[in-house]
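Subject: Structure for you to look at, with notes

Dear colleague,

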Amino acid sequence: MRLTSAAQRPLKAGQSVGGHLLDPMLAAFYSRSGSARFADNAYLLRVNDDENQLEEKNHWWRESWQKSLGLTVCVFGGEANLAYYFATVPGLADAQGCQPVVEVDTYELDGPVVMPLASNVDRFFDLYARYLEALVAHEDYAERGSAALGFPWKVPHLVARDDRLVQLIEEGRFDFPQAGHDARTWAHQVSEARRRIM
């Protein structure tokens with residue numbers, strides 16, 4: 001993981017970003033670092049004294065995708081060179097203000113697909129670390145790189161370790177109006193993987 005220096009006046013929990021409240025765990029990250037790259041596969045947007053990509057990306061997102069998504073999210077990162085974005089869901093914040101993390105796939109012709117990944121930002125970091133460990137241990141990694149184990153489709157068993165996320169899925173909290181077949185298939189895979197773990 002590569003980190004950059006934090007801003008002298010970092011973002012704070014509860015601060016408005018792109019029109020919604022910043023998740024407290026994201027605020028804690030940005031109090032210590034200005035951005036991150038994970039094994040060149042994923043990134044967190046840069047926030048420092050010269051630039052606030054978090055604010056810029058979320059304004060762009062609201063104008064470009066919010067209406068078709070039908071859901072308010074706070075985009076904070078994504079997959080490098082791809083139109084897969086990581087975002088928190090402010091409307092599903094818990095009592096401490098911590099927001100679940102989803103991946104938004106904007107490649108689909110019928111509109112973006114939202115896939116739940118973690119019950120909070122800390123669990124997302126843990127998930128991605130476990131994914132990278134599984135990826136480099138994969139027999140095809142040396143030849144195929146990150147294509148050897150696609151994130152998150154090929155690791156529902158890792159996502160299913162997050163008890164709170166599985167509970168939210170099974171309560172129907174991610175059954176957004178625009179959720180299509182792919183999103184429902186993903187939620188089912190995570191629930192099934194959880195049952196196999198137990």
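The notes below go through the helices, the aromatic rings, the cysteines and some points of backbone geometry.

Please bear in mind throughout that this is a predicted model.

I begin with helix α4, which covers residues 121-137 and whose 17 residues should span 24 Å at 1.5 Å a residue; the C-alpha atoms at its ends are 25 Å apart, which agrees with that expectation. The residues of α4 that are buried are V121, F124, L127, Y128, Y131, L132 and L135. When the helix is viewed down its axis, these buried residues fall within an arc of 135 degrees, so they line one face of α4. On the other side of α4, E133 and A137 are exposed. The N-terminal end of this helix is capped by N120, a side-chain oxygen of which lies 3.0 Å from the backbone nitrogen of D122. N120 itself belongs to the loop between β9 (113-118) and α4, and with a relative accessibility of 15% it counts as buried, because the cut-off for that class is under 20%.

At the start of α1, a side-chain oxygen of D23 comes to within 2.8 Å of the backbone nitrogen of M25.

Turning to the aromatic residues, a search of the whole structure finds 19 aromatic pairs. In one of these, the ring centres of W61 and Y85 are 5.3 Å apart and the planes stand at 70 degrees, so the pair is edge-to-face. Since W61 lies in helix α2 (residues 53-64) and Y85 in strand β7 (residues 84-88), the pair ties together parts that are 24 residues apart in sequence. Both partners are buried, W61 with a relative accessibility of 0% and Y85 with a relative accessible area of 9%. Ring pairs also link a cluster made up of F29, Y30, F38, F76, F86, F124, F125, Y128, Y131 and F151. A separate point concerns W60, over the face of which K57 lies, at 4.6 Å from the ring centre.

Which cysteine sulfur is closest to that of C74, and how far away is it? The closest one is in C98, at 13 Å, which is too far for a bond, and the structure accordingly holds 0 disulfides. Both residues count as buried, C74 at 0% relative accessibility and C98 at 11%.

Two features of the backbone deserve a check by eye. In general, most residues other than glycine have a negative phi, and most peptide bonds are trans. The phi of N81, however, is near 65 degrees, a positive value in a residue other than glycine.

P116 lies in strand β9 and counts as buried at 2% relative accessibility; P116 and I169 are 53 residues apart in sequence, with their C-alpha atoms 7.9 Å apart. P156 is placed in helix α6 and is buried, with a relative accessible area of 13%; from P156 to Y131 the separation is 25 residues in sequence and 10 Å in space, C-alpha to C-alpha.

Technical notes
Residues numbered from 1 in each chain as written. Predicted model: local features only at pLDDT ≥ 70, side-chain atom pairs only at ≥ 80, totals over all residues. Heavy atoms only, no water. Helix = DSSP H or I, 4+ residues; strand = E, 2+ residues; numbered from the N terminus. Expected span 1.5 Å × (residues − 1). Buried < 20%, exposed > 50% of the residue type's maximum accessible area, 1.4 Å probe, protein only. Arc of directions from axis to C-beta. Polar contact = N/O pair within 3.5 Å; in protein donor to acceptor, adjacent residues only side chain to side chain. Disulfide = S-S within 2.5 Å. Phe/Tyr/Trp six-rings, centres within 6.5 Å; stacked < 30°, edge-to-face > 60°. Lys NZ or Arg CZ within 6 Å of the ring centre and 35° of its normal.
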